[in-house]
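Please consult the sequence and the structure shown here alongside the text.

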Amino acid sequence: SASVNSPIVFHFSEAVNISAFVSGAEILVDDASGFGSPVTVTLAKSGRFGNQIIATPSSALSAGTRYYVKANSGGSNDGGHAISTAQEFGSFTTAS
């Protein structure tokens, strides 16, 4: 299980253009798989090759809760190539 204050790391195969990603639009973290009310997160580019996005929740996540993570189409890499299809990254559960 993950800490309620842990950042969520998204790994991509190429360097990302962080300005093309928006919390709640291209990067989603939600306690429901339908992503109807995503958690507000701050996004930062990271990784040796710039191919990671770190999503840090604006407030602590709820304890003992399953969260789902997803990258929607719309973001792009540093070369300007857009992500054409949404990718669900699975889920994690926070510590009780």
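What share of the contacts in the chain with a separation of 6 or more comes from residues 24 or more positions apart? Such residues account for 63% of those contacts, where contact means heavy atoms within 4.5 Å. The model is predicted, so local features need pLDDT of at least 70 and side-chain atom pairs count only at pLDDT 80 or more, while totals for chains, interfaces and linings use all residues. Residues are numbered from 1 along each chain as its sequence is written, and side-chain values use heavy atoms, with hydrogens and water left out.

**Overall dimensions and surface**

- Along the principal axes, the C-alpha atoms fill a box of roughly 40 × 25 × 20 Å.
- The accessible surface is about 5,200 Å², and carbon and sulfur atoms contribute 47% of it; areas come from the Shrake-Rupley method with a 1.4 Å probe, and for residues only the protein chains shown count as cover.
- Of the 96 residues, 34% count as buried; buried means under 20% relative accessible area, exposed over 50%, and partly exposed in between, with a 1.4 Å probe and protein chains only.
- The mean positions of the 4 positive and 6 negative charges lie 7 Å apart. Lys and Arg count as positive and Asp and Glu as negative, with His and the chain ends not counted; each charge is placed at NZ of Lys, CZ of Arg, CG of Asp or CD of Glu.

**Secondary structure and strand pairing**

- The chain contains 0 helices and 8 strands; helices (H or I, at least four residues) and strands (E, at least two) are DSSP runs, numbered from the N terminus.
- Strand β5 (residues 52-57) pairs with β1 (residues 8-11) in the antiparallel sense over 4 bridges, and V9 has I54 of β5 as its bridge partner. Two strands pair if DSSP finds at least two bridges between them.
- Strand β4 (residues 41-46) also runs antiparallel to β5, joined by 6 bridges, and K45 stands opposite I53 in β5.
- The hairpin of β4 and β5 has 5 residues between the strands, and G47 there takes a positive phi near 95 degrees.
- Strand β3 and strand β6 (residues 66-71) are antiparallel and share 4 bridges; the partner of I27 in β6 is A71.
- In a regular strand the side chains alternate between the two faces of the sheet. From β3, I27 and V29 point one way while L28 and D30 point the other way, and all are buried.

**Residues in loops**

- N51 lies in the loop between β4 and β5 and is buried, at 18% relative accessible area. Beyond residues up to four places away in sequence, N51 touches F10, H11, F12, E14, A15, V16 and S46.
- A15 belongs to the loop between β1 and β2 (16-17) and counts as partly exposed at 22% relative accessibility.
- The C-alpha atoms of A15 and F49 are 6.1 Å apart, although 34 residues separate the two in sequence. Outside four places in sequence, the contacts of A15 are F49, G50, N51, N77 and D78.
- F35 sits in the loop between β3 (27-30) and β4, where F35 is buried at 10% relative accessibility.
- The phi of F35 is near 55 degrees, a positive value in a residue other than glycine. Most residues other than glycine have a negative phi.

**Strand β8 and the segment after it**

- F89 is located in strand β8 (residues 87-93) and is partly exposed at 35% relative accessibility.
- Apart from residues up to four places away in sequence, F89 touches F10, H11, F12, V69, K70 and A71.
- F89 and V22, 67 residues apart in sequence, have C-alpha atoms 17 Å apart.
- A95 occurs in the segment after β8 and is partly exposed, with 29% relative accessibility.
- Leaving aside neighbours within four places in sequence, A95 is in contact with S1, A2, V4, A63 and G64. The C-alpha atoms of A95 and R66, which are 29 residues apart along the chain, are separated by 9.6 Å.
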